[in-house]
Amino acid sequence: MSDAAPADNALSHDNVLEIRDLAVDFKTDTGLTHALVNVGFDVPRGKVTAIVGESGSGKSVTANCIMRLVQPPGRIIDGTINFTPTDMPPFEIVSLRKKDPRLQELRGGHISMVFQEPMTALSPVYTVGNQVAEAILCHRKVTRKEAMREAAEMLERVGIGEMERRIQMYPFEFSGGMRQRVVIAMALVCHPEILICDEPTTALDVTIQAEILTLIKDLQRDLKNSVLFITHDLGVVAQIADQVVVMYQGRVLEIGTVRQVLKEPVHPYTRGLLAAIPGLAPKGEPLATIASVVGDTDITTPYPLTTLGDGRQVSLPPDNVALAAE
Amino acid sequence: MRSYLASRLLGMIPTLAIISVIVFTVIQLPEGDIVSSMLDRLQAQGVDVTEEYVANLRSQYNLDKPMVMQYFVWAGNFLTGDMGYSILFNRPVNELVWERLGYTLSITISALFFTWLVALPIGIYSAVRQYTIGDYLMTTLALVGLATPPFLLALIFMHIGFTWFGISTGGLFSPEFEDAPWSIAKFADMLAHIWLPMVIVGASGAAFTMRILRANLLDELNKPYVVTARAKGVGPAKLVVKYPVRIAINPFISNIGLMLPALISGEALVGMVMGLPTIGPLLLQSLLNQDMFLAGSLLMWLALLVVVGILISDLLLAWVDPRIRFE
């Protein structure tokens with residue numbers, strides 16, 4: 001551990017979320033699956049933090065923990081998530097009781113979420129306006145009419161035109177990209193401190209992906225909220241993130257600024273992930289796989305995160321840390 | 001929407017016409033007719049009947065005409081509101097039908113409401129609290145309800161009522177109201193009697209509906225749209241009712257029309273066991289005696305009820321599910 005944080009450390013110390021020692025188990029027929037083991041990282045205020053990792057690495061489970069959306073057979077067994085909102089005293093999320101009014105307030109009020117599947121994320125039997133306005137009605141005492149007006153405003157802002165007509169339409173009358181805009185409007189309509197995006201562009205085609213990313217980035221700049229962006233696409237990370245958290249098998253392997261992680265990855269797994277991007281590989285050679293880069297380096301033993309001289313954190317055996325720091 | 005309704009209403013006409021042909025044919029299929037079954041009875045009592053009398057009877061009811069003619073006379077009269085004369089009961093069919101159709105309708109429709117009233121909350125409870133003691137209790141109870149035929153349930157209830165409480169649970173009225181003209185007191189007396197056939201006829205339907213609702217709801221409970229709604233802060237009770245339940249009940253709404261025939265035939269058996277003044281026992285008697293006008297009219301009325309029931313459930317489904325409405 002180095003105490004003196006270097007001056008070029010781009011990460012701020014004003015954190016809206018501080019996650020420590022988070023552990024989640026899933027009870028399956030074959031025994032307990034440890035979905036998260038000792039996960040810890042900070043979400044700095046007003047920045048975009050990306051969580052990257054392959055399928056099953058625990059990205060979405062982490063997001064669900066923050067919203068307390070982990071459903072049986074999954075269970076949070078340990079850890080703390082400290083939430084520091086700007087307008088009320090900080091509190092811890094994991095220990096909130098089910099009936100605590102702060103939990104209901106947290107969901108959609110302080111923290112909201114955009115999901116992967118826009119095609120199924122909205123109920124087919126209610127109008128778009130109804131579903132966006134409901135988010136407002138859940139958290140503030142306003143009339144239905146006022147809620148609808150604000151919903152229309154937010155829908156306009158995420159780029160849905162012809163509001164008068166569209167607000168009365170049903171989700172199945174919208175395309176995938178449009179539906180994702182609706183979900184984003186629904187998430188932002190209560191001006192949350194944190195917007196969690198769980199692979200929001202994975203189910204969309206490339207042009208729409210770019211539009212949605214730009215939208216999220218622009219809105220983040222306007223509304224000054226913090227974003228936790230979950231993705232397996234490193235191209236998206238480069239485009240949108242300030243800070244990157246690399247996850248693998250339910251653990252955090254490396255945390256750093258986007259420049260640190262993408263330009264000079266320290267952890268062998270991160271290097272493997274980067275080498276496996278098709279566009280960056282040298283032409284005419286077989287694409288590197290994570291396994292070929294990692295080799296027989298041990299990446300499954302859960303070493304605690306060590307902070308390096310440049311402010312990044314990495315999970316490596318102590319003798320390797322010294323090497324990596326050079 | 002208006003053109004959809006019009007086309008559906010028009011579509012009912014050929015459906016009912018075809019049903020009427022089938023009804024007429026099926027009733028005529030067995031050997032003999034109402035006159036010959038009457039003769040059998042009279043001769044058994046030792047009454048001498050002349051050939052002439054028989055021929056007179058046959059021509060009076062058009063039974064000596066060709067089948068096709070008979071059908072058109074019957075169908076034509078039915079359309080003008082004259083359902084013919086029941087030789088068996090010696091009364092116009094119209095009277096017999098109007099007397100009893102109302103009771104059959106009251107029992108089946110109240111049984112339908114009973115089915116929903118019971119199945120909806122229990123089905124939701126069982127799904128939301130899956131694999132708890134309450135869930136096991138309810139699903140087991142439903143299985144028993146499903147496996148018990150309505151007439152057996154009727155017998156059990158009547159037995160318990162008679163031996164334990166000393167009350168007669170048959171019929172729709174107490175003896176003193178049986179032939180009394182309609183009054184508030186008579187209506188109250190009917191309500192005091194009708195709940196038992198309602199519960200008996202509706203029980204297996206409630207068990208069936210509850211089981212299917214539980215299964216449908218379990219499929220819906222963890223759908224992404226429910227997670228989205230939970231993530232935006234919708235409270236737990238409202239969340240379940242507004243999102244997954246709303247989707248899970250759609251198949252039942254489209255099934256109301258299909259549930260009617262089951263309820264009506266269930267009601268027929270229960271009606272016989274409990275001695276109810278409904279269509280069921282009347283239909284059985286008329287079929288056994290080949291009383292064509294009565295049997296045919298009753299079957300036509302039941303067919304009409306089912307066809308209208310299906311239309312209503314289709315309209316209801318279009319009303320609650322925009323995906324259907326917009327097709």
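The crossing of helix 13 and helix 14 of chain B is left-handed. A crossing is called left-handed if the near helix is turned anticlockwise from the far one by less than a right angle, and right-handed if clockwise. The model is predicted: local features need pLDDT of at least 70, side-chain atom pairs count only at pLDDT 80 or more, and totals for chains, interfaces and linings use all residues. Residues are numbered from 1 along each chain as its sequence is written, while chains are lettered from A and ligands numbered from 1 in the order in which they are written. Helices (H or I, at least four residues) and strands (E, at least two) are DSSP runs, numbered from the N terminus.

Helix 13 of chain B spans residues 279–288, and helix 14 of chain B spans residues 292–320. Their axes lie 8 Å apart and form an angle of about 140°. Helix 13 of chain B is therefore oblique to helix 14 of chain B. Angles under 35 degrees count as roughly parallel, over 145 as roughly antiparallel, 65 to 115 as roughly perpendicular and the rest as oblique. Axes are lines fitted to C-alpha atoms, for helices over the stretch in contact, and angles run from 0 to 180 degrees between N-to-C directions.

From helix 13 of chain B, I279(B), L282(B), L283(B), S286(B) and L287(B) take part in the contact. They meet L294(B), A295(B) and L298(B) of helix 14 of chain B. Two residues are in contact if their C-beta atoms, placed from the backbone, lie within 7 Å. By class, seven residues of this contact are nonpolar, one is polar and none is charged. Ala, Val, Leu, Ile, Met, Phe, Trp, Tyr, Cys and Pro count as nonpolar, Asp, Glu, Lys and Arg as charged, and the others, Gly among them, as polar.

Chain B as a whole holds 15 helices and two strands. Its C-alpha atoms fill a box of roughly 85 × 55 × 40 Å along the principal axes. Of the 327 residues in chain B, 33% are buried. A residue is buried if 20 or more other C-beta atoms, placed from the backbone, lie within 10 Å of its own.

Chain B also touches chain A: 18 residues of chain B are in contact with 25 residues of chain A. Helix 9 (224–231), helix 10 (236–248) and helix 15 (322–325) of chain B each give two or more residues to this side of chain B. Helix 9 of chain B supplies the largest share, six residues. This side of chain B has eight nonpolar, four polar and six charged residues.

In chain A, eight strands form an open sheet of mixed pairing, in the order 6-7-8-3-9-10-12-11. Strand 6 (111–114) and strand 11 (305–307) of chain A stand at the edges with a single partner strand each, so one side of each lacks a neighbour in the sheet. Neighbouring strands are turned by 20° against each other on average, direction ignored. Strands pair if DSSP finds at least two bridges between them.

Strand 3 of chain A (residues 48–52) is mostly covered, with five of its five residues buried. V48(A), A50(A) and V52(A) point one way, and T49(A) and I51(A) the other. Strand 3 of chain A pairs in the parallel sense with strand 8 (residues 226–231) of chain A over five bridges. There, V48(A) stands opposite V227(A). Strand 3 of chain A also pairs in the parallel sense with strand 9 (residues 243–248) of chain A, over four bridges. I51(A) has V245(A) as its bridge partner.

Note on methods:
A residue is buried if 20 or more other C-beta atoms lie within 10 Å of its own, exposed if 12 or fewer, and partly exposed in between; C-beta atoms are placed from the backbone.
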